[in-house]
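The sequence and structure are shown below.

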Amino acid sequence: MTENQTKKLLSKRDMLLNKADALALEADQLSYQGKYEEAVERYDQALAIYPSNPDLWAFKAITLSGGLGRNEEAYECWERAKKLDHVLADAIAVTGPETPVVHEKDLTDFKGSTAERIRNLVKQQALDKKKK
């Protein structure tokens with residue numbers, strides 16, 4: 001492969017990753033507005049571009065569970081996310097065998113990286129669970 005072909009390929013890859021990021025951001029905003037079905041559609045579009053992104057799978061799970069109460073689908077998304085990111089898997093394991101449940105109020109935290117937000121939500125749920 002020539003240097004020019006490599007540059008074109010990398011440019012196309014970057015363009016697709018930027019599109020996936022834009023779709024994920026749009027999904028985050030839709031979730032924040034309570035438009036969970038539309039948010040799931042955007043996550044699906046982003047995942048079609050970047051299916052190996054554990055953060056996308058995790059945020060889709062959060063939206064499915066916390067926004068729509070579709071826990072079986074959310075569980076499948078959590079499982080995909082855990083297979084892709086062992087650190088995320090460890091954080092989720094702290095909550096026990098049940099599907100992590102994220103409440104609507106949790107969806108309004110837009111500070112920090114996506115992975116950091118997911119880990120913080122799951123850790124907070126584990127702490128809350130221990131207090132009960």
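Helices are here DSSP runs of type H or I with at least four residues, numbered from the N terminus. In this predicted model, the protein chain reads α-α-α-α-α-α along the sequence, with six helices and zero strands.

Overall values for the protein chain are as follows.

| Property of the protein chain | Value |
|---|---|
| Buried residues | 38% of the 132 residues |
| Contacts between residues 24 or more positions apart | 54% of the contacts with a separation of 6 or more |
| Accessible surface | about 8,100 Å² |
| Carbon and sulfur share of the accessible surface | 52% |

The largest nonpolar core holds 22 residues, and Tyr 43 and Leu 56 touch the most other members. Two or more residues of this core come from each of α1 (3-32), α2 (36-49), α3 (54-67) and α4 (71-84). The largest share, seven residues, is given by α3. In soluble globular proteins, nonpolar side chains tend to be buried together.

Apart from neighbours within four places in sequence, Leu 56 contacts Ala 24, Tyr 43, Ala 46, Leu 47 and Tyr 50.

The helices α2 and α3 pack with their axes 10 Å apart, at an angle of about 160°. Because angles over 145 degrees count as roughly antiparallel, α2 is roughly antiparallel to α3. Their crossing, that of α2 and α3, is left-handed. On the α2 side, Tyr 36, Ala 39, Val 40, Tyr 43, Asp 44, Ala 46 and Leu 47 take part; they meet Leu 56, Trp 57, Phe 59, Lys 60, Thr 63, Leu 64 and Gly 67 of α3.

Key: Residues are numbered from 1 along each chain as its sequence is written. This is a predicted model: local features need pLDDT of at least 70, side-chain atom pairs count only at pLDDT 80 or more; totals for chains, interfaces and linings use all residues. Side-chain values use heavy atoms; hydrogens and water are left out. Buried means under 20% relative accessible area, exposed over 50%, partly exposed in between (1.4 Å probe, protein chains only). Contact means heavy atoms within 4.5 Å. Accessible areas come from the Shrake-Rupley method with a 1.4 Å probe; for residues, only the protein chains shown count as cover. A nonpolar core is a set of buried Ala, Val, Leu, Ile, Met, Phe, Trp, Tyr and Cys residues joined through side-chain atoms within 4.5 Å. Axes are lines fitted to C-alpha atoms, for helices over the stretch in contact, and angles run from 0 to 180 degrees between N-to-C directions. Angles under 35 degrees count as roughly parallel, over 145 as roughly antiparallel, 65 to 115 as roughly perpendicular and the rest as oblique. A crossing is left-handed if the near helix is turned anticlockwise from the far one by less than a right angle, and right-handed if clockwise.
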